[in-house]
Amino acid sequence: MTYEICSDLERVSEIVKKIVDLISPFMDSTYMIEVALYEAIYNAIEHGNLEITRNKKESLINNGKYDTYLAEKMLEQKNCNRKVKIVSTVSEKSFTVIVEDEGKGFDWKKEIGILKAEKIKKESGKYNGFGLKIITSAFDEVRYNNKGNKLTVVKHLN
């Protein structure tokens, strides 16, 4: 199945539900997959299409201004037109999801290294960097393209 959505965070739950409904017959529990998919698509919008860096997000969270900033970024003309493409496939052996945004990409090797080197911070009731950790723990394979704007995740099925 293929989905294409604008940079609209309110659509993320709807798409995740459709994908989870597709794979639920093949898995005992889909909870972690559901959370990881939500994070992957949310990250594609937030960090990809809206170009909010990890450091900028952390600073805004610390100052209690993140939600306002996020709402403003979603209304900017250049961001309204950007899309996230989500492709999901299921076979007898695996479940694959590709999430691709239209942003500049990011240095995913550096970010994964940072996550491994420091503890996940909980600030203002939000976890900055926790989504990437969830994604890497929920799936058996996690790959980014060189640019860092296309994520492929694979879960092997029994």
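This is a predicted model: local features need pLDDT of at least 70, side-chain atom pairs count only at pLDDT 80 or more; totals for chains, interfaces and linings use all residues.
I began with burial: of the 158 residues in the protein, 43% are buried.

**Overall layout.** I went through the secondary structure and got 7 helices and 7 strands. Reading along the sequence, I wrote down the pattern β-α-α-α-α-α-β-β-α-β-β-α-β-β. Next I looked up the contacts between residues at least 6 apart in sequence, and 63% of them join residues at least 24 apart. The accessible surface comes to about 9,000 Å². Carbon and sulfur atoms account for 49% of that surface.

**Val 20.** I picked this residue in helix H1, which covers residues 12-23. Buried or exposed? Val 20 has a relative accessible area of 7%, so I put it down as buried. Which residues does Val 20 contact, once neighbours within four places in sequence are left aside? I found Thr 30, Glu 34 and Leu 37. I also checked Val 20 against Ile 33: they are 13 residues apart in sequence, and their C-alpha atoms are 7.8 Å apart.

**Salt bridges.** Side chains of opposite charge can pair when their charged atoms come close. I got a count of 9 salt bridges here.

I opened the Glu 46 and Lys 57 pair, where the N to O distance is 3.2 Å. Glu 46 sits in helix H2 (residues 31-49) and Lys 57 in helix H3 (residues 54-62), so this bridge ties together parts 11 residues apart in sequence. How accessible is Glu 46? Its relative accessible area is 1%, so Glu 46 is buried. Lys 57 counts as buried too, at 9% relative accessibility.

Then I moved to Glu 51, whose side chain meets that of Arg 82 in a salt bridge at 2.9 Å, N to O. Glu 51 is in the loop between H2 and H3, while Arg 82 is in the loop between helix H5 (77-80) and strand E2 (83-90), 31 residues away. Glu 51 comes out partly exposed at 22% relative accessibility, whereas Arg 82 is buried at 16%.

Glu 51 also forms a salt bridge with Lys 104, at 3.7 Å, N to O. Lys 104 lies in the loop between strand E3 (94-101) and helix H6 (108-117), so this pair ties together parts 53 residues apart in sequence. I have Lys 104 down as exposed, at 63% relative accessibility.

Which residues join up with Glu 51 in a network of salt bridges? I noted Lys 78, Arg 82 and Lys 104.

Terms used: Residues are numbered from 1 along each chain as its sequence is written. Side-chain values use heavy atoms; hydrogens and water are left out. Helices (H or I, at least four residues) and strands (E, at least two) are DSSP runs, numbered from the N terminus. Buried means under 20% relative accessible area, exposed over 50%, partly exposed in between (1.4 Å probe, protein chains only). Contact means heavy atoms within 4.5 Å. Accessible areas come from the Shrake-Rupley method with a 1.4 Å probe; for residues, only the protein chains shown count as cover. A salt bridge is a side-chain nitrogen of Lys or Arg within 4 Å of a carboxyl oxygen of Asp or Glu.
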